[in-house]
Amino acid sequence: MEIIHVSAECYPVAKAGGLADVVGALPKYQVRAGHFAKVVMPMHRMKFLYEHEWDVDHKGSFHMGDHYFDYTIIKEKENTLGFDLYCVDIYGLLDREKIYSYDDDTERFTAFQIAVVDWLSHWEHQPDMIHVHDHHAALIPFMMQNCIDYRHMASIPTVLTIHNGQYQGWMGWDKSNYLPAWDSWQWGKLDWDKMINPLACGVKCAHRVTTVSPSYMEELIYHANGLERLFELEKAKCTGILNGIDNEVWDPATDTYIMDNFSVEDVADGKHLNKKKLCHDFDLDIDKPLMVYIGRLVEEKAADLLPQAINDAFYQADNKMNFLILGSGDPRVEAQLESMRNSFVGFYNSQIGYNEKLAHQMYAGADFILMPSRVEPCGLNQMYAMRYGTVPVVRSVGGLKDTVIDLGDEGGYGIRFNHASVWDIVYSIHRAEQLYADADKLADIRKLMMEIDNSWESSAEKYINLYESIQ
Ligand code: ADP
């Protein structure tokens with residue numbers, strides 16, 4: 001089967017979060033299973049671009065509103081990632097240093113999608129599946145079905161995967177002329193609450209919709225940032241498929257980012273050595289348990305609760321835990337987390353920013369990882385953490401609920417709590433301290449977690465079964 005993945009991110013080319021990890025891994029495993037999976041993404045101005053060689057695959061042009069754009073599709077020569085990687089170059093629009101957060105993101109991602117559809121329309125044959133990811137690619141099924149020049153592709157099956165339903169790509173109706181000439185009778189497919197809503201449009205037009213965990217699929221019917229009714233209406237074509245993790249990238253035995261590699265046999269020593277380095281680098285106390293947070297500092301992740309929860313844990317629990325935070329996001333939370341470095345010297349530290357290497361070192365050296373998320377479509381951090389023998393302390397939501405079993409339940413290995421509240425977090429920190437004090441139990445749990453199979457093989461097969469069901 002020939003599958004085209006369309007995404008704004010793909011690891012290691014350009015990554016802002018879990019979307020990149022999935023799009024960098026799923027196609028690789030589909031290729032290994034005997035399919036022709038390809039990825040097409042914007043040509044962001046990233047290191048990967050300059051470190052690899054590229055062929056020009058296609059050149060074209062299109063109108064978007066009053067503007068006329070030329071685009072070029074380039075293909076990575078060496079198949080470095082284990083699948084064909086194509087990037088869309090639109091001079092001045094996509095060749096930027098960041099993936100998102102520009103004032104003209106609407107124009108950038110609409111143009112990206114038009115270029116992809118235009119390129120596909122020039123193919124001599126049709127692919128078997130167009131798999132679009134998140135709102136940045138979610139207008140593509142609509143364009144293939146309703147834009148006059150592209151309707152010959154209307155019958156190609158499409159799948160939309162929602163990695164994060166909070167972001168929907170809303171744009172005003174004044175921008176409807178951005179889309180290539182389309183059948184205006186179909187305006188209702190673009191509309192949600194008097195806006196053009198690309199994610200809602202993708203849910204309406206794609207042949208199948210998936211979310212990155214089964215629990216998140218159920219939750220979207222109740223909390224979907226305004227799209228609840230739509231998910232209720234369309235639930236027959238929606239399914240949750242849990243993400244896997246790329247065991248080749250995330251393997252403590254071979255990870256080149258960490259100082260001391262280890263496996264399940266020498267996990268205690270391995271983790272101790274990695275923890276020692278972290279504690280040295282960040283001035284933390286090696287004799288205390290170490291809890292880390294890695295991720296975007298946004299409301300969705302309940303990062304706003306971290307300062308108060310850490311503060312309360314220190315005062316109520318007599319400084320029994322060390323904390324290390326890595327992330328960026330809300331400037332107010334960033335400032336609070338930075339200023340706390342002066343208050344809790346020797347047992348708290350933070351690094352504001354994005355740092356792939358440090359993230360790996362933290363998974364390896366930490367004893368616990370905290371994820372108090374209000375919304376968590378899948379969550380990869382907890383799965384990476386478990387593979388590195390780090391115990392997840394998570395709120396029972398979305399993919400966290402699907403991947404972590406509480407210590408108190410049969411076969412359990414993690415710590416779960418119900419509410420995104422300071423009280424629940426502090427109580428869970430207390431449970432973590434108790435677990436740390438029981439060295440034998442912690443050793444058993446580490447081994448149990450490291451042997452859990454969260455690999456991509458079985459998830460990749462579920463996607464193939466889904467594609468087959470709509471051929
Ligand atoms: P998201 O909602 O952000 O996509 P996920 O748990 O699905 O959350 O994926 C997060 C991914 O991004 C993980 O690979 C995690 O290690 C990485 N990550 C998040 N923030 C940072 C950061 N500040 N530095 C390094 N890696 C980060």
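The legends below describe close-up views of charged side chains in a predicted model.

**View 1. A salt bridge joins Arg 45 and Glu 97.** The closest N and O atoms of this pair are 3.4 Å apart. Arg 45 counts as partly exposed, at 36% relative accessibility, whereas Glu 97 counts as exposed, at 57%.

**View 2. Arg 387 forms a salt bridge with Asp 251.** Here the closest N and O atoms are 3.7 Å apart. The pair links distant parts of the chain, since Arg 387 belongs to helix α13 (residues 381-387) and Asp 251 to the loop between β11 and α9, 136 residues apart. Arg 387 counts as buried, at 18% relative accessibility, and Asp 251 is also buried, with a relative accessible area of 18%.

**View 3. Asp 406 and Arg 431 form a salt bridge.** Their closest N and O atoms are 3.0 Å apart. Asp 406 sits in the loop between α14 (398-403) and β17 (415-417), and Arg 431 in helix α15 (residues 422-437), so that the pair links distant parts of the chain, 25 residues apart. Asp 406 is buried, with a relative accessible area of 11%.

**View 4. Glu 265, Asp 266, Asp 269 and Glu 451 form a negative surface patch.**

Terms used
Residues numbered from 1 in each chain as written. Predicted model: local features only at pLDDT ≥ 70, side-chain atom pairs only at ≥ 80, totals over all residues. Heavy atoms only, no water. Patch = residues over 30% accessible without salt bridge, like charges linked within 9 Å, V, L, I, M, F, W, Y side chains within 5 Å. Areas by Shrake-Rupley, 256 points an atom, 1.4 Å probe, with all protein chains shown as cover. Salt bridge = Lys/Arg side-chain N within 4 Å of Asp/Glu carboxyl O. Lys, Arg positive; Asp, Glu negative; His and termini not counted. Charge placed at Lys NZ, Arg CZ, Asp CG, Glu CD. Buried < 20%, exposed > 50% of the residue type's maximum accessible area, 1.4 Å probe, protein only. Helix = DSSP H or I, 4+ residues; strand = E, 2+ residues; numbered from the N terminus.
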